[in-house]
Protein chains: 2
Amino acid sequence: MEQRKFCIVGLGLLGGSYAMALARAGCRVTGIDVRAEAVRYALENGLIADGAAAGDARVPALLGEAEVVVLGLYPGAMVPWVETHGGFLAPGALVTDVCGVKCAVVRRVQALLRPDVEFIPCHPMAGREVSGVEHADCAMFRQANFLITPTEKNTAQAIAFAEELGRTLGFARITVLSCEEHDRMIGYVSQLAHVIAVALMNANDDPALPRTTGDSFRDLTRIAKINEHLWSELFFANRDVLVGEIDQFCAEMGRLRAALTGGDEAALKEMLRRAAERRREFDRIERAPLEEKRL
Amino acid sequence: MEQRKFCIVGLGLLGGSYAMALARAGCRVTGIDVRAEAVRYALENGLIADGAAAGDARVPALLGEAEVVVLGLYPGAMVPWVETHGGFLAPGALVTDVCGVKCAVVRRVQALLRPDVEFIPCHPMAGREVSGVEHADCAMFRQANFLITPTEKNTAQAIAFAEELGRTLGFARITVLSCEEHDRMIGYVSQLAHVIAVALMNANDDPALPRTTGDSFRDLTRIAKINEHLWSELFFANRDVLVGEIDQFCAEMGRLRAALTGGDEAALKEMLRRAAERRREFDRIERAPLEEKRL
């Protein structure tokens with residue numbers, strides 16, 4: 001991994017954190033961003049060894065010398081970027097990404113790329129409630145999941161490279177799954193969770209609430225501090241799955257409501273008991289691989 | 001406060017943590033619990049100076065010597081306790097509680113008590129996902145809210161005492177509000193939040209999920225590790241408010257769903273933007289009083 005030359009396209013929170021982790025691992029890392037200040041910040045803080053703003057005459061050369069190109073772009077920017085920049089990639093280059101949705105993007109990107117370039121899709125499940133390279137911090141990868149979503153077009157070597165990349169970045173768990181499995185899972189554990197936090201925050205506008213809230217409300221709404229441009233793209237790109245999850249969740253809310261209005265204490269307790277049991281099981285499974293890794 | 005003699009009735013997580021904080025503040029604290037082991041644990045760990053199991057012949061004396069009795073009981077146990085033990089209280093004694101619902105309990109308790117005893121209702125908004133005196137730890141009060149919900153029957157002195165109690169226990173913020181305001185607020189920030197966590201945990205039973213989840217899902221479902229007996233009581237005791245909050249929240253989920261299925265990007269972004277803005281405002285207001293206290 002340390003021998004590889006990387007170019008990060010999109011020096012945002014994630015792209016910047018990739019650059020930080022890879023530079024620390026001894027890789028040569030360059031960067032490109034639409035904001036000249038992002039490139040300057042990354043250079044001045046040692047995240048990249050060289051870089052240029054999008055549109056700069058040096059962009060083709062920076063891309064051409066990279067063995068691995070990391071697209072730290074919004075989902076909707078992926079296909080346009082490949083259309084305009086795919087020709088600058090070196091023969092044999094690997095391309096990877098950080099996109100939070102896969103079906104809407106991966107096969108279109110793979111179909112557009114030249115046959116001598118391979119796109120191995122990844123989703124680093126990490127983030128913050130802030131954006132921009134100025135908040136880059138590879139510590140956010142430490143407890144997090146790194147998902148690799150290859151298609152039938154990917155080689156075993158590219159998948160092995162992505163696993164090695166996830167380890168170098170410092171992720172706790174690395175999982176390989178299909179684009180379809182990925183989008184189904186993410187629709188539930190991430191997108192539905194964000195929709196709920198937003199709805200909860202918007203459901204009541206009593207200005208006295210902040211003085212009297214408890215930890216539970218704070219925890220549930222932390223992710224309501226959402227980047228509306230990115231998440232709107234992510235939601236629409238996975239709309240069918242997300243709407244299905246919303247419906248399943250609302251049906252469950254309806255069952256709880258019915259137990260309450262019907263005075264069905266036994267049914268209510270059973271739902272509470274099952275949720276508590278499943279959440280504890282969740283903790284148990286989730287901790288196990290981490291402990292293994294720590295041995 | 002240090003001069004007062006307290007008796008804690010119900011040495012659970014909260015009652016035990018009250019005992020710990022009051023003993024550290026130099027108060028004389030005794031305790032009563034249905035579990036003899038809870039009393040033994042509290043004695044052995046210095047949480048109480050004296051104690052007895054419920055039904056023990058010493059209970060009337062322990063109650064009779066207390067100037068302040070703290071009822072660390074489930075909501076449904078409050079009225080029966082006052083009916084059977086109210087006669088043992090000393091003339092002039094203050095009674096307080098830790099109950100998470102108020103309208104269903106407070107006026108009934110006040111009506112049952114002798115006129116020479118005053119019940120000043122309180123709700124310490126703190127907890128853990130575990131129960132029992134063995135987990136008592138008054139550190140849980142440090143960032144939390146202490147709510148006092150007096151009625152027209154309460155004296156200014158009793159309210160002032162409750163404020164002093166909240167400070168002695170170490171709470172960050174102390175708020176006085178009516179029982180009705182309390183139950184409306186708690187229906188939203190606490191009970192609805194718990195219903196959502198339970199529904200989210202029960203909405204999908206894919207066993208592969210724990211390996212691939214992110215922080216957001218963990219945060220949203222932490223409180224699904226719920227005590228079904230306590231929370232079933234709390235929900236039913238505040239049912240009308242809670243059902244109203246469920247309906248308001250589900251309507252908000254419906255608006256998000258409609259923006260998605262209708263492809264209305266502008267409406268979706270506006271909902272996300274508003275939620276993020278309100279959550280940031282929330283952080284700002286919430287932090288302010290804490291900072292004041294730290295000066």
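Trainee: How many aromatic pairs does a search of the whole structure find over all chains?

Mentor: Please note that this is a predicted model. The search covers the whole structure, and its total over all chains is 12 aromatic pairs.

Trainee: Are the rings of F141(A) and F171(A) stacked or edge-to-face?

Mentor: The ring centres of F141(A) and F171(A) are 4.6 Å apart, and their planes lie at 20 degrees. Planes under 30 degrees apart count as stacked. The pair F141(A) and F171(A) is therefore stacked.

Trainee: How many residues apart in sequence are the parts that this pair ties together?

Mentor: F141(A) lies in the loop between β7 (122-125) and β8 (145-148) of chain A. F171(A) lies in the loop between α6 (156-169) and β9 (173-176) of chain A, so the pair ties together parts that are 30 residues apart in sequence.

Trainee: Which residues do ring pairs link into a cluster?

Mentor: Both F141(A) and F171(A) are buried. Ring pairs link these two into a cluster whose members are F141(A), F171(A), Y18(A) and F146(A).

Trainee: Is α7(A) roughly parallel or roughly antiparallel to α7(B)?

Mentor: The axes of the two helices, residues 179-202 in each chain, come within 12 Å and cross at roughly 160 degrees. Angles over 145 degrees count as roughly antiparallel. Hence α7(A) is, relative to α7(B), roughly antiparallel.

Trainee: What axis relates chain B to chain A?

Mentor: Chain B can be laid on chain A with an RMSD of 0.0 Å.

Key. Residues numbered from 1 in each chain as written. Chains lettered and ligands numbered in written order. Predicted model: local features only at pLDDT ≥ 70, side-chain atom pairs only at ≥ 80, totals over all residues. Heavy atoms only, no water. Least-squares fit on C-alpha atoms with pLDDT ≥ 70 in both. Phe/Tyr/Trp six-rings, centres within 6.5 Å; stacked < 30°, edge-to-face > 60°. Helix = DSSP H or I, 4+ residues; strand = E, 2+ residues; numbered from the N terminus. Buried < 20%, exposed > 50% of the residue type's maximum accessible area, 1.4 Å probe, protein only. Axes fitted to C-alpha atoms, helices over the stretch in contact; angles between N-to-C directions. Parallel < 35°, antiparallel > 145°, perpendicular 65-115°, else oblique.
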